[in-house]
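Please read each point alongside the displayed coordinates.

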Amino acid sequence: FRIQIVPHLQNLTTNGTVTIRLDVLEDTNKIIFHVNNITIDKHSVSVTSTKPDSRPIKIDDQSHVEGQKYKIELNEGLKKGEQYLLEIKYNGALNTHLQGFYRSQYHDANGQERYTASTQFSPTDARRAFPCFDEPLFKAKFTINLARPSNMSTLSNMPLKTSDVSVDMADTYWDHYPETPKMPTYLVAFMVSDLRGRTAVNNTMIKVWSRTDYLPQTQYALTIAPEILEYFENYFEIKFPLPKMDIVAVPEFGFNAMENWGLITFRESSLLYDPRRSTNDDKRTIATVLAHEIAHQWFGNLVTPKWWNDLWLKEGFATYLEYFGVNHAEPKWKIVDEFLPSETERAMAIDALESSRPISFEVKNGKQIRQAFDEISYAKGACIIRMMNHFLGETVFKNGLINFLKTYQGRNADRQDLFSSLTEEAHKAGVLLPNETVRIIMDTWTGRAGFPVVTATADYERHKLHISQKRFYLIEKDEKSSWWVPLSFTNQKNADFNDTKPKFWLKGQYEITEDVELNGWYLLNTMHTGYFIVNYDERNWRALSKHIMDLPPPIRAQLISDSMDLARANLLDYDIPLRMISTMAVNDQAIMLVPTVMAFDKLKFLSDILSATPVFGLFEEYHQTIFKETYNIVTFDDRIDDYITRRIRETVLEWSCRSPESSCAHESRSRFRELIIKGTSVEPNLRPIVYCTAVRDGNEVEWNFAYDKYLTTSSTSEKNALLDALGCTQLRWLLSRYLNKLLDDTSIRIQDADRVFESVAKNKIGTPIAFNFLRANWDELVAHYGDGFNIIGKMVKSLAENMNTEYQLNELERFRDSVKDNLSTTSMAFDTAIETVRANVEWMKKNYGQVAAWLHKNKDNYY
């Protein structure tokens, strides 16, 4: 590909020329390629053989055809094995939907409006910028030439080669870039802007770009990016293959980031860190997103999936590997321990629904492709990759990955290619039997939706363990499903929590019986490395509960997670998890991060579903009683600059401030008043709690102050905290006014629309207001926000959290049916939301009475 593009930033148009060298694999007289919102200059189109003295081939017909395609029919055939040049002049749109080649704007430190033109081509939007073969299998080399005003600069995948003055456009330069390595169209990137860059001291090939006045905030990324890049180069034993890596904070950006080869683009809040105004959580986000995108330089860029049905092959790996990249750069965080609450929980929440989909599933059109960018591809993909690592062992797994990358570098591959590389290493090391392959095992995990619940029942006298499996559903369903399940095992007498290799397998069987040593408690799926949950006989659950504090924190989190999910699905009595959490909460004076986060997260479901019931007061009393010492220990003192301490504080204070009468809420309101009256700053890590609590308990004065502050602050971190806080108000008319800004107020950027809606929808008072707003403005919202980033789908999903009645379920289903002709990319989101609400309704029927009775019975004895 040779591409020349001229963006016109003021009138939102582009014009360009593309020359494509075609390698003909079969005789044909047709050429079909992708275009979307592009006008082809028919008179300019020419097809010429690369042979010397060749004349253009006569074109019989050319036109736009269905599927965002353009077809050229030739008077004579193109011959197999020969090469031809296709040349096209065209006009396009410089849109404002953050897709394709788009324009965004911002105000600099002096209030002056500035423009930026940048690209977002993944998954199917390169066709908006230039005519192309816009599918991942069509890898090509690209030579890019960009026109720019003299006061701006350009960036692309490769380093700038030369610049020269345009002879036919005033005050304009042409920037010329050398040919790229082979890559798919979705990784091509370029931009025109007045952004400025800083070079990393410890790796001069890395440069981080931002608005001029945000340049100091690039320091954190400049520090850790070289460390993460070096880690992955060493891990994969393959050097980063491009001559430079530009990392850019784009003023407006739809995703968190995009892994374009050599030009990684970011949302500003996912890259810029201000030590004075950014939070602990911001720092975590920057580190994880940066590691995720750098991991993509190998998984996705160097080796690309053949088609979008294997999206998990790049997104799952990038999600899994980001934890190791961050762990290398920030070892004190111990972030690998957070995989269970961050990824496994995220995946299983969707995968426990009947409407879930397989990791690998057939996708045929752009809408299906866009919806594949979900928790299943990212989080579940990461979970099953982690499981492979543990049942193969780190050495076999790593060697298999290296062989896979080296074999397919510069090419495309699918999951079977990966499984073959891993199987070869597994057979060499004797990890799998000669008749066993990774494909046999993993096809059961990639080819079907859901995950198993493994039920273990011990015969303590005969030392036998009966193990069975079936698919786990939130709503009970009689269905036979089986997976190849790796089962690690340990027990109280010979406890070894580091050995995560399987002691035995369910090899697609529904049940097995194994001889085991049973002394005290026993445990399956050590460290939750397998993507499944375990239910035990009651005797073992009681033993595990009794000894919960003798177990490592990750195991505590695992047991809380499994038992609460089993109870929610009516497979276990709530007495077991509620007492287990009580025992841990009372005795965990050190307040360990992962089990605390897990307990609070699982109890949030009960809090939400009980909030309008007669026993909600008893539930609040239960929570406040068992976590009394935790609330006393965790205060507003944010002087300890420690990642884990601040993560715990964030989790605990959010609950501590729930009651308007709590000391936490009084402190929050006091600090917010000081901010209004005296301009006293609130510490960055306390802002989300203080702002939300003060707006929740306040009136229009607090809301207006928060909104005005959102408009004036230059801190991306503070903007996010304020957007969340504005949805916390209990005044319905203010929530309505806030939502209306999504339609008639340019102060809310497209990238933040779902955040605004979710802040209202997740507010119990705001849920019906958000639902009514979505129903009343559906067509307008779909038209305004487009289909690029599942913005409307995220809005739909966020409604389900606080819905648990038959009436709400019926209304949601009726709404889905009423917009069936204009679903855009929301069909999967509707399925997820409706089934989540249905599960909530079922919970109220089957479990409410049990939990209510337990709270009444045990109000004086929770543990």
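1. Cys 132 has a relative accessibility of 0% and therefore counts as buried, where buried means under 20% relative accessible area, exposed means over 50%, and partly exposed lies in between (1.4 Å probe, protein chains only). Cys 383 is likewise buried, with a relative accessible area of 3%.

2. On the basis of these values: the model is predicted, so that local features need pLDDT of at least 70 and side-chain atom pairs count only at pLDDT 80 or more, while totals for chains, interfaces and linings use all residues. Residues are numbered from 1 along each chain as its sequence is written, and side-chain values use heavy atoms, with hydrogens and water left out.

3. How many disulfides does a search of the whole structure find? The search finds two, a disulfide being a pair of cysteine sulfur atoms within 2.5 Å. With the bonded cysteines numbered in sequence order, the pairing reads 1-2, 3-4.

4. In the disulfide formed by Cys 657 and Cys 664, the sulfur atoms lie 1.8 Å apart. The torsion about the S-S bond of this pair is about -80°, so the disulfide is left-handed. Cys 657 and Cys 664 are both buried.

5. Cys 692 is joined to Cys 728 by a disulfide with an S to S distance of 2.1 Å. Its S-S torsion is about -105°, and the disulfide is therefore left-handed. The pair links distant parts of the chain, 36 residues apart: Cys 692 lies in helix 18 (residues 687-697), and Cys 728 in the loop between helix 20 (716-726) and helix 21 (732-744). Helices (H or I, at least four residues) and strands (E, at least two) are DSSP runs numbered from the N terminus. Cys 692 is partly exposed at a relative accessible area of 23%, whereas Cys 728, at 13%, counts as buried.

6. Ser 668 belongs to helix 17 (residues 663-678) and is buried, its relative accessibility being 0%. Leaving aside residues up to four places away in sequence, Ser 668 touches Phe 636, Cys 657, Ile 689, Val 690, Thr 693 and Ala 694; contact means heavy atoms within 4.5 Å.

7. An open sheet of three strands shows the order 3-7-6 with antiparallel pairing, two strands being paired if DSSP finds at least two bridges between them. Strand 3 (28-34) and strand 6 (59-65) are the edge strands, each pairing on one side only. Strand 6 pairs with strand 7 (residues 69-78) in the antiparallel sense over six bridges, and Gln 62 stands opposite Ile 72 in strand 7.
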